Amino acid sequence: MYRVLIADDEMIIRMGLKAIVDWNALGFEIAGEASNGAEALSFMHEQSPDLVMIDIRMPKLLGLEAIKDAREKGFAGKIIVLSGYSDFTYAQTAINYGVTAYLTKPVDVDDLTNALNKARNELDEENRQRESTDLYIQRAREGVLAEFMAGKLPAQDMNFEELGLTQDCYQVLLCEKYGHDEEDMSYNFSELLKVANPAGRDYEQISVGMLNAILLKGSHAVEKLEELYNRFESELPPEKDSPLDTIFISCGGVVAGAEDIPESFGEALDQLNHRFFCDQYQHIVMHDDRLSEDEDDKKAENFSRENLIAAYTDALVNHLQTFNRNRIAETLKKLQTELYSAPMDVEQEKNLLLDLYLNIKEKLIILFNLQSIPFTDNSEVARHIQRSYYLYEIILFFSEQFEKIMNAIGYSSRDSIIDDVVHYIQHNYASNITLENIAPLFGYNSSYLGKIFSKKMGMNFNTYLDSIRIEHSKEILLSGKLQVYKIAEMVGYRNVDYFHIKFKKYTGLSPAEFRKQNNGI
């Protein structure tokens, strides 16, 4: 509806004009009345009605004088002049002030209707042109902002005041849908912001290439985002199928000046590129969620793909053999953190994880060659890892696989930690085993583990380890013609003389004598 002011010094004329036509049907509503020229001029200045119907001769200020003053001060509304004088001079003067129509009293209904239709059509056309111009200006402005955010326009070339960027701080968000199912429809975060901020002064949405960016403007908007983030962190994730449950938001840091907006955009983009590392149900990630750049650089300098695979293979194989689920979980979490700062892209990290799994599998096959372990087919493992959208999905897959492995290699009748220690010794006797280096695998200190081991087994840890090694060396001695020093190394003795001493202690014979005596039987 367009707003109308009726200005005439006669009340009966004003009442008649309000009643003579259906204003609403014609697209207008009566916004006010004036009984003299001064009141009419004041209303035009303060209220800016879309249409003014004004009598030429009124007290205090003539209608034409009010029109002249209003036009000189920028009033752009439509004007219909009313007059009881059919004087061409008045009409000519009125036309010079850009009036839409000149009607003589008494006003004819058809003439008034035609004049109102003409005024409405002119207002409609002006609005269309204004909207088209505003849209063009807005799109040009958004294009400039998008280029600036992406670092393609230098700050010194920007007129921030003209762009309306005069707030005390800024923050850039990048929004994507949370699910990776293409059929999963997501809400637009800017539409949700509009509910909380109908005027839209605290933010604006900008398309930067294929990215949906939102620029928060001012401390109020930044604080509201911080509240949202803290709620997600300290409470529960968004309710399932709610608008926020469909959205993923990466946030750049808060910057103090408009010239630093590209910095916040770059940080948000970096977070988005690291989305692979987000936790399950994580819908929002802030710039300072992870390691600092200095820590990233330091880790990147010391990074070795081969060393990482070797270290985590050894650690996870050890924890699998000791059935230590807590240590497995801790190790996998540590792996997640270390991979975040690794100087690799997502595809390279997926390949690393596949190699890690295959190394673990190979080592377990060597250790438990007589046992049937339900390993998933290599091609299926590779397919699962490549299809995973998040790192946590791969970690969960590893956890499931490790649980199957532990169930396959574990004792069904184990009733104490010593059973696990014995199981570990029997499969790792050839490595550099000491009570000190295996005690942490079982969550004990070496002194206490040594005491409970001796009590349960009737011998100390080293004695039991030697007995296992000697028994295996006897089997090897009788199965072929390997040299004694090689056999010593195969069962865990790095010094062949020490092996001779231990062997004779347990058998009463040297290795050579034992082989000769038993092969002769």
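This is a predicted model: local features need pLDDT of at least 70, side-chain atom pairs count only at pLDDT 80 or more; totals for chains, interfaces and linings use all residues.
Local features were taken at pLDDT of at least 70 and side-chain atom pairs at pLDDT 80 or more, while totals for chains, interfaces and linings use all residues. Residues are numbered from 1 along each chain, and side-chain values use heavy atoms, without hydrogens or water.

Helices here are DSSP runs of H or I with at least four residues, numbered from the N terminus. Two packed helices are described by the angle between their axes and the distance between the axes. Helix H10 (residues 305-321) packs on helix H11 (residues 325-340) at about 165°, and their axes lie 9 Å apart. Axes are lines fitted to C-alpha atoms over the stretch in contact, and angles run from 0 to 180 degrees between N-to-C directions. H10 is therefore roughly antiparallel to H11 (an angle over 145 degrees). Contact means heavy atoms within 4.5 Å. Leu308, Tyr312 and Leu316 are among the H10 residues that make the contact. H11 contributes residues including Ile328, Leu332 and Leu335.

Helix H21 spans residues 511-519, and Pro511, Phe514 and Arg515 are buried there (under 20% relative accessible area, 1.4 Å probe, protein chains only). These buried residues fall within an arc of 95° seen down the axis of H21, so they line one face of the helix. The arc is taken from the directions from the helix axis to the C-beta atoms. The buried residues of H21 pack against H18, H19 (484-490) and H20 (496-507).

Serine 467 sits in helix H18 (residues 461-479). Serine 467 has a relative accessible area of 19%, so it is buried. Its side chain reaches the backbone oxygen of tyrosine 464 at 2.5 Å.

Definitions and conventions. Helices (H or I, at least four residues) and strands (E, at least two) are DSSP runs, numbered from the N terminus. Buried means under 20% relative accessible area, exposed over 50%, partly exposed in between (1.4 Å probe, protein chains only). A polar contact is a pair of N or O atoms within 3.5 Å; within protein, one must be able to donate a hydrogen and the other to accept it, and residues adjacent in sequence count only if both atoms are side-chain atoms. Angles under 35 degrees count as roughly parallel, over 145 as roughly antiparallel, 65 to 115 as roughly perpendicular and the rest as oblique.
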